[in-house]
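This report describes selected features of the structure shown below, with attention to helix packing, the nonpolar core and the sheet.

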Amino acid sequence: MRNDQVDPHQRRSGGTIAGPAQGRPEPGRNRDEPEREGLIRPPLFDAVLFDRDGTLVHDVPYNGDPMLVEPVPGAREALDRLRAAGLRLGVVTNQSGLARGRFSHRDLERVNARVEELLGPFDTWQICPHGEPGPGVSGCRCRKPSPGMVSDAARALGTTPDRCVLVGDIGADMIAAGAAGAAGILVPTPQTRMEEIAAAPAVAGDLPGAVDLILRRQRLVSPARDSVSTGADRLATEPNPVAAGSPRRPRCVLVARPDSAGDVLVTGPAIRAVAAGADRVVMLCGPRGRAAAELLPGIDELIEWPLPWIDPQPTPVDRSEVDRLTRRLAEVGADEAVLFTSFHQSALPLALVLRMAGVGRISAISDDYPGSLLDVRHRVPLGIPETERALSLAAAAGFPLPEGDDPALRLRAECLESGPTDGALAEPGYVVVHPGSSVAARACPPDLCARIVTALAAAGHRVVVTGGPGEGALSARVAGRSGVDLGGQTSLTGLAAIIARAGCLVVGNTGPAHLAAALGTPVISLFAPTVSFGQWGPYRVPTVRLGDAAAGCRHTRATRCPVPGHPCLSRVAPDSVVEAVRLLATDRLPAGTTDRPLVDTTDRPLVGTADRLLAGATDGSLAGVTVRVPGGTA
């Protein structure tokens, strides 16, 4: 079945709607420092933060004696590698021994001085002196798993949390990193619980291994090198000798991501990278990803076509359809093509079609031998976030993300110019619950979602329930008498307008999670472990992960739950969602920014940030929306 829809009005945009990446200072300096001449910004991260005890040095409970400080093996050499790479270093450490009277402030200073004597200087120390709060008592903003110290460290280093990595040894470190929007790497010790290891976004065997991973991720998205890279990099980029030569700016590049909306959204930074190095970008997408592709900057023209080797419910391969696709792609006149795929998909069938269409240079990730189908064959290790995986292919093809463009998800500014301003959505800061999912195994049970809505409303939050086409009955069931039901009434653009004005989004591993990441809206991720959270979790946005990460469906890629009772999500306690909302709202943004905090210090409902008010739908997608509220219709 043919579906050839070309939109000549889909033009690249000079403006974008972005999350917290906008307006950041240059790396390696504080906001009050003069700009250093010739400073090159690292591609992903500006700073690496470390837990102290158990991560940098062996854990001695309540240590106040500097003579007991013993670095973990290889620590000094690993830290020096980061310093040599231009990354700033910081320490974020809970020290409840101060509150307990186990050691003095002077003892702590002497211990930290000994750490620096052995491991070299750190650019910032962030210390929480408070003890663990008792039941029913609100804790401080700094004690991990609260994100306060991560945000403070980023501010002290002249950057933002999404450009930091936190390396730690327990789950509280990873939760603090995620809630701040930073990357996290867990280095387990014998005291680390198995469930903490399963839930971590990334795991390294030791501190040098964590440093290897950080530097590898930096290299992956950097401009391609001339030689084939192997060894510890676990990356191989093989250029075709025929295609090698002096680089030139191509007139037209075809990019392809014929997949779902979420897949298209996470590829957005890589598409921007290609657009920065080409005069014209044409995107081949599938029917499931068309609406998302229309939101991405950098695209001049869209071609929609279902591909039977990609679609989860494919039609039979038809030679006449393949011939028509070949002719349509030949009409594009692309100088080259960059084919983006998920790790379980093959780019080679489309590469063959493009060869038949006369495209002269083709780049793709392929573990399979491509023969003459690819000019740049790129390989990426497992576990790399999908956004960075795509960026690494773009860089290998000769399209690194340009200086000044941060690798965060973005949307076209002209797609979101005005939002819903009346009725139940007049005031921003509500909590959105999106219960549906394109994959059944990743969906939270409806009854549990309904209890989550009730718990959030009981805690004082305004709750909006959304759903895609055909999910009206689901959203009504979940909203019940406590939530505002908008299920099935908005386009993807309209959904973006609603999410942009939200304080946070409660959602599974599905497209709206990545939409929220592109808008900078914090996410409570009800994440089924069928795929890797490190690859598919919301990218570079404050996130709290909930669910059983060690459930029997772990890494099965199942589309329907293979374990009776759906234990990975059915056991999520509604109160834990309420607590996750509180955790995401604990921290305040740095003084002097234009954003308002998510909440004030009282227990009032969430308040959205000023930057997220510039959001809405220009296609009339919200016109005529009926807001169903408890006790009637508004």
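Predicted model: local features only at pLDDT ≥ 70, side-chain atom pairs only at ≥ 80, totals over all residues.

On the H1 side, the contact is made by Ala75, Ala78, Arg81 and Leu82, which meet residues of H7 including Val211, Ile214 and Leu215.

Leu82 also belongs to the largest nonpolar core, which has 96 residues; together with Phe50 and Val167, Leu82 touches the most other members. Helix H7 (residues 207-220) gives the most to this core, with seven residues. A second, separate core comprises 32 residues, among them Cys444, Leu456, Val544 and Ala580. Leaving aside residues up to four places away in sequence, Leu82 touches Val48, Phe50, Leu87, Leu89, Val211, Ile214 and Leu215.

The sheet is open and consists of five strands in the order E5-E4-E3-E6-E7, with parallel pairing. Strands E5 and E7 are the edge strands, each pairing on one side only. From one strand to the next, the twist averages 20°. Strands E3 and E4 pair in the parallel sense over four bridges, and Phe50 stands opposite Val91 in E4.

| Strand | Residues |
|---|---|
| E3 | residues 47-50 |
| E4 | residues 88-94 |
| E5 | residues 124-128 |
| E7 | residues 183-186 |

How values were computed:
Residues numbered from 1 in each chain as written. Heavy atoms only, no water. Pairing = 2+ DSSP bridges. Helix = DSSP H or I, 4+ residues; strand = E, 2+ residues; numbered from the N terminus. Axes fitted to C-alpha atoms, helices over the stretch in contact; angles between N-to-C directions. Core = buried A, V, L, I, M, F, W, Y, C linked by side-chain atoms within 4.5 Å. Buried < 20%, exposed > 50% of the residue type's maximum accessible area, 1.4 Å probe, protein only. Contact = heavy atoms within 4.5 Å.
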